[in-house]
Amino acid sequence: MQSSWIPFVPDSASTVSGKVDALYFYLSGVTVFFTLLISGVLIFFVIKYRRRTPYEIPRPIAGSHKLEILWSVIPFIIAMSIFAWGAQLYFEQSRPPRNTNEIYVVGKQWMWKVQHTTGQREINELHVPVGRKIKLIMTAEDTIHDFFVPAFRIKADVVPGRYTTEWFEATKPGTYHLFCAEYCGMNHSGMIGSVIVMEATDFDNWLSGNSSQLSPALAGQQLFQSLGCVSCHGANGEGGRGPVLAGLFGRQVFLNTGQSLRADEAYIRESIVNPQAKLVSGFGPIMPTFQGQVSEEQLLQIIAFIKSLQLVNPQPATSGPRPAANIAAATVTPTLATR
Ligand code: CUA
């Protein structure tokens, strides 16, 4: 695993890890340079201006504007270079690019549960392909955890009741450490695992290998029926007593307070566990809460199902970018054509 010439530096295996290291070494370089400069000058002055006789009185100093300006402007420029470089890297790391492959992660005391969009589940392991952009959508069941992969130089809190994301593109096949980096109770130090980076073809084989499990979207569809969501939102999210869910994800939603928001994972989750919090314009507070009835993993599955619902679905069986919606539309017989 050790590959750097500097001791204790973890393997560098993602597209950002080299950039993080470069910034880190710049910071270290600035620190070392000024440590040496200041201690060197200090020792020099201590010797040069030492008291030579017991009653010596030094010559008074009036000060120097030139010097004051110099040692203010230079550190300012250095500090701003750290800020600009750090901010630029932070934005790159924290904004997932488009066309990422999404993977759901749920942290709990004391394990990592992973589910791929094709249905594969893993515990304390995460298989990913090399050279593809991966976005993790993460939440926690109990307390705050933190998903940390040192070799990728990525780290993000995993918070109950929220969805945080983290993205990376692995550059080198191998097995890398996964840590929980937020103290989360007695076995925090045991909340570890592996990220296994595979060649793209190996990964595709692995992904299609054990496909006995339902995809999150299909599992979400089953929950959608068993929990009775269909009676108000329609079997394909076409709406009824409840708002339309087809095409909801990413769309602007108008609330009865006059405000509006963009429908994301957090909004959908809140509307399931606390339906009165944000009522859609034109709808009353009639939906019961599902708090405590659905686990975080099931919430992610319902969200995956809602994400897969497309607004218009004229020919459900033909090709489309979201297979889950096609399966959903094909297997559910249309009920009560309201419009
Ligand atoms: Cu989970 Cu520390």
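User: What makes β5 and β8 paired strands?

Analyst: Strands pair if DSSP finds at least two bridges between them, and 6 bridges join β5 (residues 133–140) to β8, the two running antiparallel; therefore they qualify as a pair. One of the bridges links Leu136 to Glu166 in β8. This is a predicted model, in which local features need pLDDT of at least 70, side-chain atom pairs count only at pLDDT 80 or more, and totals for chains, interfaces and linings use all residues. Residues are numbered from 1 along each chain as its sequence is written, and side-chain values use heavy atoms, with hydrogens and water left out.

User: Why are β3 and β8 said to stand at the edges?

Analyst: The open sheet of 5 strands has the order β3-β2-β1-β5-β8, with mixed pairing. β3 (121–123) and β8 (164–169) each have a single partner strand, so one side of each lacks a neighbour in the sheet. Strands here are DSSP runs of E, at least two residues, numbered from the N terminus.

User: Why is β4 described as largely enclosed?

Analyst: Buried means under 20% relative accessible area (1.4 Å probe, protein chains only). In β4 (residues 125–129), 4 of the 5 residues are buried, so the rest of the structure largely encloses this strand. β4 runs parallel to β10 (residues 193–198), with 5 bridges between them; Leu126 has Val195 as its bridge partner in β10.

User: How do you know that the span of α7 is close to the expected one?

Analyst: The expected span is 1.5 Å times one less than the number of residues. Helix α7 (residues 296–308) has 13 residues and reaches 18 Å from its first C-alpha to its last, close to the 18 Å expected. Helices are DSSP runs of H or I, at least four residues.

User: What makes α7 mostly covered?

Analyst: Of its 13 residues, 12 are buried, among them Leu299, Ile303 and Phe305.

Conventions. Buried < 20%, exposed > 50% of the residue type's maximum accessible area, 1.4 Å probe, protein only.
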